[in-house]
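Let us learn to read a structure together, one feature at a time.

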Amino acid sequence: MTPQQMTDRIVRYGELKPCKTAFIDAHTPGSDQKENFTIIGGGVSESPDQHVHIADKIGFNIGAAGQPPKCRNSLHSHRTAEVFFVLKGRWRFFWGRWGDAGEVVLEEGDIINIPTGIFRGFENIGTDYGMIMAVLGGDDAGGGVIWAPQVIEDAAEHGLVLGENGRLYDTKKGEALPDGVSAMPLLSDTELKDYPELTAADVVPGYVARYQDMMSLSDCQPAKVIGPDAMLKDKPGFDVELLSRGSLPDAPWSSERNVVLMPMRGHWRLSWDGGEDVLNPGDTCAIPPGLAHSLQPAMTGEVSCFRVIQTADPAGKTMGR
């Protein structure tokens, strides 16, 4: 693979292109300043304005959310995995029909594998613009977003209507649902009974991993973070590992499946037969199946990098739920 071919598979943090109208709550006060990024795969954006950096289907999607302080993402659910790690800032994740069933605060480097089938939201509770990186299970990320009914109702009061085709229409701009397309129906009371109200005691122990705990496990080998035998036990269609200094051998390594590298801290030298490059915090690199490569720290001090590896497991509900 030539250096240019690999360059095309690296999305730099500083070159991320945001969409400010990605979801139905884009005009709702308190959520109207958030930015959505679709990095690899089609993502779940409801806006035709969403920029996709790498459209390849690799078995899962990589995205990100950027938000200023006190900005929140409204309550929604997914049919496949939704995994976040905090790249910048301090974030509160909350869940339940009204967002008050439970919550947890994540710091930089912490990761959460939110169980499928519950409504969840998140907000930046830090003092500066924050960024969380996301991994969504499946090539179509479960078919999109399922919104809590009040989110759709609130959005309509501010001019946004979601069609049953998964696209947004801004009535303030004179847009209307096309002929033959109805508005996305609200979940019925019967359907809402299928969304459990889990407490923090139900969620935090098995679905949240702290950065320092992962780093402690990564001294001599990659720390298994998400997987059937990992810190967070699940089979979402991908495994997640945390790499640190000394985690990887000098010899090149390859996988028969897709791999994505997402540096958390420090700079990393990526080498392969044909060239080398440096990955920085917030960058995302898609490694194709079968490409032998090596990854080594390119600086002194603390370094860490999340590695997401496609598996043969089908994307679907959280294991055990």
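Two bridges join strand E1 (residues 10-11) to E22, and the two run antiparallel. Before we go on, note that this is a predicted model, where local features need pLDDT of at least 70, side-chain atom pairs count only at pLDDT 80 or more, and totals for chains, interfaces and linings use all residues. Residues are numbered from 1 along each chain as its sequence is written, and side-chain values use heavy atoms, with hydrogens and water left out.

Q: In what order do the seven strands of the open sheet lie?
A: The order is E1-E22-E19-E24-E18-E16-E17, with mixed pairing. At the edges are E1 and strand E17 (232-233), each pairing on one side only.

Q: Which way do the residues of strand E22 point?
A: In a regular strand the side chains alternate between the two faces of the sheet. In E22 (residues 284-287), Thr284 and Ala286 point one way, Cys285 and Ile287 the other, and all are buried (under 20% relative accessible area with a 1.4 Å probe, protein chains only).

Q: Which residues of helix H2 are buried, and what covers them?
A: Pro149, Gln150, Val151, Ile152 and Ala155 are buried in H2. Their cover includes strand E5 (72-77), E12, strand E13 (160-162) and helix H3 (189-192), where contact means heavy atoms within 4.5 Å. After H2 comes glycine 159, with a positive phi near 95 degrees.

Q: What is the volume of the largest pocket, and which residues are closest to its centre?
A: On a 1 Å grid over the protein atoms alone, a pocket is an open set of points where a 1.4 Å probe fits, with protein on both sides within 12 Å along at least five of seven lines; lining residues have an atom within 4 Å of a point. A volume is the space filled by probe spheres set on the points. The largest pocket has about 500 Å³, and of its 26 lining residues the closest to the centre are Gly143, Gly144, Val145, Gly166 and Met184. Strand E12 (146-147) and helix H2 (149-157) each give two or more residues to this lining.

Q: How much space lies in the second largest pocket?
A: About 310 Å³. Its lining includes Ser77, His78, Arg79 and Asp194.

Methods. Helices (H or I, at least four residues) and strands (E, at least two) are DSSP runs, numbered from the N terminus. Buried means under 20% relative accessible area, exposed over 50%, partly exposed in between (1.4 Å probe, protein chains only). Two strands pair if DSSP finds at least two bridges between them.
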